[in-house]
Amino acid sequence: MAAYIEKYVGLAKRRLPQLAQGTAAWWLESRPFFGGLQRERIWVFWRRLLHTCHHRSQVQTWLLLAGQHVPAIYGPSGDVKWDEADPTYSLEAAKRGG
């Protein structure tokens with residue numbers, strides 16, 4: 001799994017300069033999407049990002065149902081506990097604000 005994550009992160013980092021240099025016109029440029037559709041590049045970007053999040057949620061659910069550990073990919077998952085955690089499992093806790 002570590003090799004997969006390392007490769008995934010490496011590929012993502014290679015794309016960052018291109019994304020960071022994108023102008024408003026570049027992000028709004030029409031690009032081909034599935035089924036012959038045309039969508040703005042920003043729409044395709046967010047669609048892909050949200051689709052990945054959707055699948056992470058699916059995998060997380062299946063791992064939890066199987067009694068397995070959910071790896072902390074984008075920070076701690078819901079089943080991770082730590083000393084400094086400040087859970088809001090009660091109305092009193094939610095009223096603390098923050």
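How many helices and strands does the chain have? There are 4 helices and 2 strands, and reading along the sequence gives the pattern α-α-β-β-α-α. Keep in mind that this is a predicted model, so everything below is computed from predicted coordinates.

For a chain of 98 residues, the buried share comes to 10%. Contacts between residues 24 or more positions apart make up 4% of those with a separation of 6 or more.

**Helix α3**

Let's start with α3, which runs over residues 41-65. This helix has 25 residues, and from its first C-alpha to its last it reaches 36 Å, close to the 36 Å expected at 1.5 Å a residue. After the helix comes G67, with a positive phi near 75°.

Which residues of α3 are buried? They are R41, V44, R56 and Q60. The cover over these buried residues includes α2 (24-27), β1 (30-32) and β2 (38-40).

Setting aside neighbours within four places in sequence, R41 is in contact with W26, W27, E29 and R31.

Over in helix α2 there is A24. Is A24 buried or exposed? A24 is exposed, because its relative accessible area of 56% is over the 50% cut-off.

**Aromatic pairs**

The count of aromatic pairs comes to 6. A pair of aromatic rings is described by the distance of the centres and the angle of the planes. Here are two of the pairs:

| Pair | Distance of centres | Angle of planes | Type |
|---|---|---|---|
| F33 and W43 | 4.9 Å | 85° | edge-to-face |
| F45 and W46 | 5.5 Å | 85° | edge-to-face |

Why does the F33 and W43 pair tie together parts that are 10 residues apart in sequence? Because F33 lies in the loop between β1 and β2, while W43 belongs to helix α3. W43 counts as partly exposed, at 38% relative accessibility.

In the F45 and W46 pair, F45 is partly exposed at 31% relative accessibility, and W46 is also partly exposed, with a relative accessible area of 43%.

Now for the second largest pocket, which has a volume of about 190 Å³. Which residues line it? The lining is made of P32, F33, F34, V44, R47, R48, H51 and T52. By class, that gives 4 nonpolar, 2 polar and 2 charged residues. Helix α3 provides the largest share of the lining, with 5 residues.

Technical notes
Residues numbered from 1 in each chain as written. Predicted model: local features only at pLDDT ≥ 70, side-chain atom pairs only at ≥ 80, totals over all residues. Heavy atoms only, no water. 1 Å grid on protein atoms, 1.4 Å probe; cavity = no way out; pocket = protein on both sides within 12 Å on 5 of 7 lines; lining within 4 Å. Points joined across faces, edges and corners; volume = space filled by probe spheres on them. Nonpolar A, V, L, I, M, F, W, Y, C, P; charged D, E, K, R; others polar. Expected span 1.5 Å × (residues − 1). Buried < 20%, exposed > 50% of the residue type's maximum accessible area, 1.4 Å probe, protein only. Contact = heavy atoms within 4.5 Å. Phe/Tyr/Trp six-rings, centres within 6.5 Å; stacked < 30°, edge-to-face > 60°.
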